[in-house]
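Please look at the sequence and the 3D structure below.

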Amino acid sequence: MTRRTQTNDIIESQEDRFLKAFEEYSEALFRHAAIRISDRERSIDVVHDTFTKVWSYIRSGHEIDSYKSFLYKVLNNLIIDEYRKKKETSLDALMEKDGVDEGNFEDLSESTVEALAATIDGRKAFDLIKQLPEEYQEVLLFRFVDELGPKEISILIEESENVVSVRIHRGLKLLRDKIEVGEAAASSRRNKK
Amino acid sequence: MKRFSEQFNKQAKNIRLNTAEKSSLRERLISYMEYHPLAGDVKAVTSVQATDGREFFILNIGKWRLARWSSSLVLLLLVSVSYFAEQAVPGDTLYSMKVGFNEEVRGSITLGSYEKVVWETERLNRRIAEARLLADEGRLTEEVEASVAFAVKTHTENARKEIANLKLSDEDEATLASIGLNTALDVQTSSFLRKRNDGEVGVNSTKLIEAALNETQAAELATQGTLPAYSRILAKVESETTRAYELLKGINNYATKVEGEEIGGRLIDIETKIASAMNLSESDEEQAKKDLVVALQQTQKLIAFMTNIDVRQNLTVEDLVPDILTVQERIALVSDQVKKTEILLSNISLALAETPAQTIVLATSTASTTATSTATATKITPDTKEKLTLGFKQSKKALEKTKLELAEVTDIIVLEQSSLEAYSLAVDISAALALPTEITVPKEIEVQPEVIPEAATSTVETEQEEEIEV
């Protein structure tokens, strides 16, 4: 096989792999972005930008071992950029963030998270997730929508695995609190009637 | 956990791209990929985290750009140098590039043997033009002249080799190429000859080149074989005349109006010659072929005149292609000459009649035949007067004969001879009598017959003759 043919084969395989990754992950990436950004059109643009950035990276001569994690990493960075542009941080979110000391959950295990999650209504939790601070949304969505493990999430957000678990746990707890608050409010409304 | 995950995920799965959105996104992405294709030599295989590919990217593109720019620069340089080399003459720095590179490259891309002969002929013309330029500027050294003479021989030899090659495959084409080469040599030789005759050789002699040209021309003439087939010559003549007409269209850009008119006239003559050769081909094909070859050579000479500035500077159209008059034109010239002779004889008659034998003014023997020449009063002797009278009668007789011939031309050559005889005698006698010999036939004479009425003139002449005879 000549050098030219080999080069063409490399180009073809690069393009094929890239387009295959698009087919495989574009839907999930859009979903993740749409939940966090809450703007359908903007979310589509962010997914587009994610893929073009990855393509540029390939053009610069790099080869990507795992498209899934790399795409999520780029998407996450772009979403963070979106947040920075908006600079909208609710007072509640700030307060909730301040009240958490992630260092206190050193021995938080997956079973602890599972135990906590089992007490929460998933549908209600999904509806309330937008009320959580960005850090919690991020890990909860990676964990329960994108179904990434704590280790994968830790690489994506460049935090330790323990911090990821703590955030998930704390996020779930916040969700449960919000659900409980919501249920209590509904109950009191019913009682008033 | 599982229940939470399922419920949570189920809610999330409700958020999805519709078909149109996904299709649009895909198209946008593919379009982006098309506008930003992968480099042809993607070869670096690095892991995502392993290296910083940015450096590699810049370096890689840098190499490509450098290579592109370098090759463009080299090409530009080559074209520029090659262009300027075309203006070089022997002794210039770029001359070797002109001869050794430009011309060799052009020669190598010339495919056919015939075209190669044409190119070698063109190279020969170039060498001679360079030599002329240097000679005009007084820069033609013996060494350069020798090299040009050598080049003349070399290019002729090359052309001859190509003709020999061509002869193996197409003998007719080879002969036509040989005719072309011979015509080019003829033009150059005539040009040198004319320049020498005009005394414009300048500081530097070009004898070596002339000798080389004469030698090659003689050799070329000796190798002339049988004529090509009639149809082949005719085709060549037609293509060459077409080219000549095309060149004539732009003639005003580089030649004078008179030259343009002359060339146009010669081309018409050539057309006439071709037409008569075509008529002749049925009865005498060999003669028709000869006539066509002459027409071809004349056309090629006209082309040389129109395309070669040196030829234009040194030769006239008449030098290259002498104007060949038609019978009608020749008759018109005879007619004109007859009118001049009549005027001359009339003047002579008056002079001889009015002047006594002892007081006729004769021109000095050393004086020229013009009326403005210095003349001394010399008394004419009766013997001289008798001789002049005899000459006058002879001239008059020849004139009468010419007039009779003119009425019905049977042989143009006989007519021209008798006319010339009458005219020459009249001129000589006029010169001897110090009468004007340069006669112009003004049109007024023709349209104002009352000034010199024919009847009156003839009466006078008759009386004068009678007086002389007495």
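Is A:Asp45 buried, partly exposed or exposed? A:Asp45 is partly exposed, at a relative accessible area of 24%; buried means under 20%, exposed over 50% and partly exposed in between (1.4 Å probe, protein chains only).

This is a predicted model, in which local features need pLDDT of at least 70 and side-chain atom pairs count only at pLDDT 80 or more, while totals for chains, interfaces and linings use all residues. Residues are numbered from 1 along each chain as its sequence is written, chains are lettered from A and ligands numbered from 1 in the order in which they are written, and side-chain values use heavy atoms, with hydrogens and water left out.

Over all chains there are 29 salt bridges, each a side-chain nitrogen of Lys or Arg within 4 Å of a carboxyl oxygen of Asp or Glu.

| Salt bridge | Closest N and O atoms |
|---|---|
| A:Arg176 and A:Glu180 | 3.9 Å |
| B:Glu286 and B:Lys289 | 3.7 Å |

A:Asp45 lies in helix α2 of chain A and B:Arg28 in helix α2 (residues 19-35) of chain B, so this pair joins two chains. Helices are DSSP runs (H or I, at least four residues), numbered from the N terminus. A:Arg176 and A:Glu180 are four residues apart in helix α9 (residues 161-192) of chain A, about one helical turn. B:Glu286 is partly exposed at 41%, whereas B:Lys289 is buried at 10%.

In α2(A), the buried residues include A:Ile44, A:Val47 and A:Phe51. Just after α2(A), A:Gly61 has a positive phi of about 105°.
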